[in-house]
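This briefing goes through a structure by topic. Have the sequence and the 3D view open while reading.

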Amino acid sequence: MLFIARRIGFYAVAVWAAVTVNFLIPRIMPGNAIDAVLGKFQNLTPQVVKALEVEFGFHPKGTIFSQYIQYWNDVLHFNLGVSTSQYPTHVSTIIGQTLPWTLALVGVATILSFLIGTLLGIVAAWRRGGWLDRALPALTILQATPYFFLALLLIYLFAITLKWLPFGQGYSLGLTPGLSWPFISSAITHSILPAGTIVITSIGGWMLQMRNVMLTTISEDYILVAQAKGLPSRRVLFTYGARNAILPNIAAFALSLGFVVAGALVMEIVFSYPGVGLTLYNAVTSNDYPLLQGIFLVISLAVLTASMLADIAYAIADPRARSRSAF
Amino acid sequence: MEQQILVNEQDLGGQQPALPGRLSRLLRGGARGFQRLPLKAKIGIVILGIFLLVAIIGPIFAPYDPNANTTQSQPGAPNIHHLFGTSATGGDIFSQMLVGTRSTVILGLITGLIATTLAVLIGTAAGYLGGYADEGLSLFSNVVLVMPALPLLVVILGYLPHTGEVPTAIVLSALSWPYGARVLRAQTLSLRNRDFVLAAREVGERPWRIIVFELLPNQIGLIAASFVGTVLYAILTSVALAFIGVTDLSTWSYGDILYWAQSGSAVELGAWWWYVFPGLAVAVLGMSLVLINFGLDEFSNPRLRSSRVLRRLGRRSWRPADPTPVIRDYVEATS
Amino acid sequence: MSTAPERDLAVTQATEGGGVQAGTGPAGPVLDIKGLCINYRSELGDVRAVRDVDLELHPGQIVGLAGESGCGKSTLAYGAVRLLRPPAIVTAGNVVYHGRRLSGVHPNGFDVLGATDKGLQEIRWREIAIVFQSAMNSLNPVLRVEDQIIDGIRAHMPGSYQQAHARARELIEMVGIKPERLRAYPHELSGGMRQRVMIAMALAINPEVVIMDEPTTGLDVVVQKEILQQVLKLKDELGFAVLFITHDLSLLLEIADRVVVMYAGQVVESAPTSEVRTGGTHPYTRGLLGSFPKLHGPRVKLTGIPGTPPDLRGAAAGCPFQPRCFFAQDACAQVDMKLAQVVGAVTGHVSACPLVKPGQPLPDSAQALARPAGIEQQDIASGELVLSGVNLRKDYGGGRRGVVVTAVKDVNLELRRGRVVALVGESGSGKSTIAKLLSGQERRTGGSILLDGKEIEPSNRRQFRAYKSEVQMVFQDPFASLNPLHTVRYHLQRALAVHAPRTGRQPSQAEVERLLDQVRLNPVAKFRDAYPHELSGGQRQRVSIARALAAEPRVLLADEPVSMLDVSIRLEILDLIAELRSRYQLAILYITHDIASARYFADEILVMHHGEIVERGPAEELVLNPTHPYTQLLIASSPDPDTFASEDSAPVAASAEEGLNREVASE
């Protein structure tokens, strides 16, 4: 329990850091921030300028400390300011529309790729010299391939040349989002290519890591004991081998979520998938700083929550973690 | 040969060898070290070497000005004049890549260098000092580690007036050191309580000497792996950043080419050469780094090597739960 | 693969009669190993780890397998049940299991080497169970103890989960652990309890054969004694046969019915225990016996076994022990090792050495082997006082959590020139903490340390170097105490340079060589530029000692300097330390868990228990007439061939039980 308490404490610090960084960035950037930002805009309406000023404290009201308190107050009330590119829509409204798409797509695809990769890693380690074990070096190229590059290739192959699958948007035009079959089936076919991209590019990493930890675990004495006990090899493999080897993999999963999500965001842009990633892209191209910052904050919170869940899963899976207090 | 070395060493009588001798020994040692590396690492090093060469001399050999702008309005497929085809504005993709390699490679190396230095300093300090210093530094690195870097980079670089290689490399370094620091801290912690470190302290060595001469040499493998990993991370991230437009568009890098391909609707136009060549270059460069790390891993952990012994036993695959093989007509291999 | 009659132990065994305690069943072994050969494949040529070994295990018998590390004893046992993994392969031989329960299905015995994976599951655990060496790693850390016992039961016995669970309760109580502990995870148990769990697990399905691989190595002697007594008791009740593997021959003399000694992958001697107890025949067996300091009889110099075991790559010509043998003759290099009945001994006593007869005295070469001066006991009150600890105290913990553990409590000790003080205790007794306090690695909580009568703060940074030039330390693990990346020369040069700061020059080669010569690493040119991995354990420990001597200290703290070394090498190192103390009049603190080795060369013994010194006195007097109950328990628990008869004496059993309760209570 101490372990979980400490982990929760850690994530509290991480959330505090994310919010504080977000607060500080526009205030500590070099040069005259107002000119830098305003210089990038053309034809700003007075309302937008005013919104910007309030947002970034260009004309600070009160001390930096009182601004900070106000900022926290806003964050806790989901008040992330007003988008400059879609004025006067609130940032929280835009994120609210796009976040579910990303959560569903990236979440499902990442978990799927972790599970499949881990399983393949177990098989590769268990069958030394088998075809999967020998194919591993070839999989490294997937690890080094940028998500969006693979996305481009898949689109070219399956959407443009073969015309098997649609691409662009999250569902076919003309459908109304809702719990209707045409919408759901359309959403699923639209998500196959993006999800496939995530699974294919990240599966190699999970697999390799699981295989390596498995190989170390297999030489532990308790595997030999299980064998000497005459247990069926399936039980030796899973309950004694994989059950232990998966622990470092879960820990690594918690740590690398941020990286995986980043890749997935860029991938969304290629597919024009209506998620947070595409919104981020639009915010960059239109210099919509309030939206940019809001997205960073929301993604941070999502990743931190997911990491924390993975960490808690780790604590449940490892009885030693519960009595240990280390980071 | 063997004798000559012996004679040499006796002549020197334990003195420091002269510089040329040292250099040739270093080179010879390097060559021997390379030979001992696993095949994967060798392949990786050779590929990386080619990219480094292109980064150094590539711009000289670029057949066209990468910024060349013709009145053509369609991207051109690869042909004799334009090996990798042209962009929608008539830019030669091959030349753009020859020029862009430098920027991509330099960004990766600078980031790798800064981030690894930070990782060594912070990781070793945390592991060696222990106590509250360790708690604080570990907390700090873990917080930076779980932060999703890409959106943060977008936000920070968005505010910066210039987004060339150096600012990007610095911000990337600031966000990518914690992974290496974490690994090095764990290693330092385990080394710190090893008897040879205690023994060095017992002899009366000063702490800085212990860190530099006893701890760090034992971490070279990890430091190298951390460097290679960071370079890979930096290259992939910088390409992704450029792709979404957070880049200095007056220069060329792999990411920039991909950005123009995306904004020029290369996919929809079927101009595959516009993104396949630079994308493939990134993938191959990345693969060389992954292979090197693969090799480093196997070098330090022999268990990971695919067993040559199995092959000699004439078996295709083997499970750890299989009983000990019994080979009655066994003929011992002579070395 | 010879089948010469003298090699066939089955014949000799059957006619042996009284030599075997429990040979009650039908004549014939339960496990029959013949001509077994096992190789480890490697790039540099195969290591022939087991060479043409015959071994038989009869029902209800305990066969002890002894030898130095790397002699092939574990490889033999694991190979015989096919638990070794590639690069290990079995290249020749036969292993047949004749279990009573299988006699209907396999009338001619179960052919282990011919069996498939599925077939082996039939005999694993149900017929042949194993207690592994390291209790720490042989339990699955993420499964509760009960699940690990139960899954073994369920894999082989029909019945419900409830029945299996009831059996698990029964088993765990049988080895003296409360059934509540079944719910525990392995990391929540002490080392001794984990080993008991392993034993309970091994006996789950009443196997006929139990292989025990160093089951008590790493445990304290008191716990070791308790566990061994439990094994003997269970064996008598359940009637299984035991193949007991250990490096500790004296342990086998207490429990085994037959002792098999291995060297360089071969069996060099196999004899009923009584024959070995009276001295053995093969020079190697005699060397092993002569490596254990005794707790009874006169304090004598021991011979040990000089040298290191041979490389096992390729075929060996002649007797592999020849280079280390006191009896060696030129002919030894030609003859092949062949086991043969020892003339004049009990039938079934075979030895591979045709030259040496039982009871033949050591040749003059061995007698004359320059045994160092220094093991004679000195008067402990005389000698100039160098370093002393007064009322030393060390607490750990505290702070916010508030739990304070006192590791050392009010300890007084005095180290005098030319005297050896031994600090004896079990793990956790606080003996190593004292070394850390005296060497300045840790700061004491209370008390004072006096150097030449003046109070000193060893952990103080400014005084540290000066203090280090007077007080040096030798570490326990020679494999960890040298940096693998530096040569011997580097290690010694640094130690010399640190303590010769005035001149500011590099220490000369001659100084390095002088140090190597002091610790008898000759020829020095061979060792000077070696890396640690090129040296044997004993040689590394010598380098460690040389490094400590570089500062020309007056005090040497030796924390378990031989416990990680093979028994045959321990004496050499202890002799070296003894020699150094008389040559340089060093004051030595020898920290050990082994009271017999303390008796071997210490002048004064302090016995430590729970952070306190419970008894102190001149070495001989303390060992021969211990007064404190804990000292008595410690001495009674130490394996000692000479006390075999008194093994089941009442006070020991009572104290052992008390020890057991203490251990259970401390969980």
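In chain C, strand β13 (residues 385–397) and strand β16 (residues 446–451) pair in the antiparallel sense over five bridges. The model is predicted.

**Around strand β16 of chain C**

- C:L450 has C:E455 in β17(C) as its bridge partner.
- β16(C) and β17(C) form a hairpin with two residues between the strands, and in this hairpin C:D452 takes a positive phi near 50 degrees.

**The six-stranded sheet of chain C**

- Six strands of chain C form an open sheet in the order β18-β19-β20-β15-β21-β22, with mixed pairing.
- Strand β19 (residues 555–559) and strand β20 (residues 587–592) of chain C are paired in the parallel sense, over five bridges.
- In that pairing, C:A558 has C:Y590 of β20(C) as its bridge partner.
- Helix α12 (residues 431–439) of chain C lies across β15 (420–424), β18, β19, β20 and β21 (604–609) of chain C. This helix runs at about 150 degrees to β20(C).

**The eight-stranded sheet of chain C**

- An open sheet of eight strands in chain C has mixed pairing and the order β6-β7-β8-β3-β9-β10-β12-β11.
- β6 (128–131) and β11 (340–341) of chain C are at the edges with a single partner strand each, so one side of each lacks a neighbour in the sheet.
- The partner of β6(C) is strand β7 (residues 209–213) of chain C; four bridges join the two, which run parallel.
- C:V131 stands opposite C:M212 of β7(C).
- Helix α2 (residues 73–80) of chain C packs on the sheet and touches β3 (62–66), β6, β7, β8 (241–246) and β9 (258–263) of chain C. The direction of α2(C) makes about 145 degrees with that of β8(C).

**Backbone details in chain C**

- The peptide bond from C:P86 to C:P87 is cis, and its omega is near 15 degrees. C:P87 is found in the loop between α2 and β4 (88–97) of chain C.
- C:N522 and C:P523 are also joined by a cis peptide bond, with omega about -5 degrees. C:P523 has its place in the loop between α15 (509–518) and α16 (524–528) of chain C.
- C:D52 is a residue other than glycine with a positive phi, near 55 degrees. This residue is in strand β2 (residues 47–57) of chain C.

**Chain A against chain B**

- In this interface, 65 residues of chain A are in contact with 61 residues of chain B.
- About 5900 Å² is buried between chain A and chain B, and carbon and sulfur atoms give 75% of this area.
- How many salt bridges are found across the interface of chain A and chain B? The rule finds one.
- A:R6 forms a salt bridge with B:E135, with the closest N and O atoms 3.4 Å apart.
- The side of chain A that touches chain B has 46 nonpolar, 13 polar and six charged residues.

**Chain B against chain C**

- Here 37 residues of chain B are in contact with 53 residues of chain C.
- The area buried between chain B and chain C is about 3900 Å², and carbon and sulfur atoms give 49% of it.
- B:E202, B:V203 and B:T324 supply 19% of the area that chain B buries against chain C, more than any other three residues.
- Three salt bridges are found across this interface. One residue pair that forms a salt bridge is B:E205 with C:R494, the closest N and O atoms being 2.7 Å apart.
- Between chain B and chain C, 17 residue pairs are in polar contact (both at pLDDT 80 or more).
- α9 (195–203), α10 (207–215) and α15 (308–312) of chain B each supply at least two residues of the side that touches chain C. α9(B) gives the most, with seven residues.
- By class, this side of chain B has 19 nonpolar, five polar and 13 charged residues.

How values were computed:
Residues are numbered from 1 along each chain as its sequence is written. Chains are lettered from A and ligands numbered from 1 in the order in which they are written. This is a predicted model: local features need pLDDT of at least 70, side-chain atom pairs count only at pLDDT 80 or more; totals for chains, interfaces and linings use all residues. Side-chain values use heavy atoms; hydrogens and water are left out. Contact means heavy atoms within 4.5 Å. Buried area is the accessible area (1.4 Å probe) that two parts lose on being put together, summed over both. A salt bridge is a side-chain nitrogen of Lys or Arg within 4 Å of a carboxyl oxygen of Asp or Glu. Ala, Val, Leu, Ile, Met, Phe, Trp, Tyr, Cys and Pro count as nonpolar, Asp, Glu, Lys and Arg as charged, and the others, Gly among them, as polar. Two strands pair if DSSP finds at least two bridges between them. Axes are lines fitted to C-alpha atoms, for helices over the stretch in contact, and angles run from 0 to 180 degrees between N-to-C directions. A polar contact is a pair of N or O atoms within 3.5 Å; within protein, one must be able to donate a hydrogen and the other to accept it, and residues adjacent in sequence count only if both atoms are side-chain atoms.
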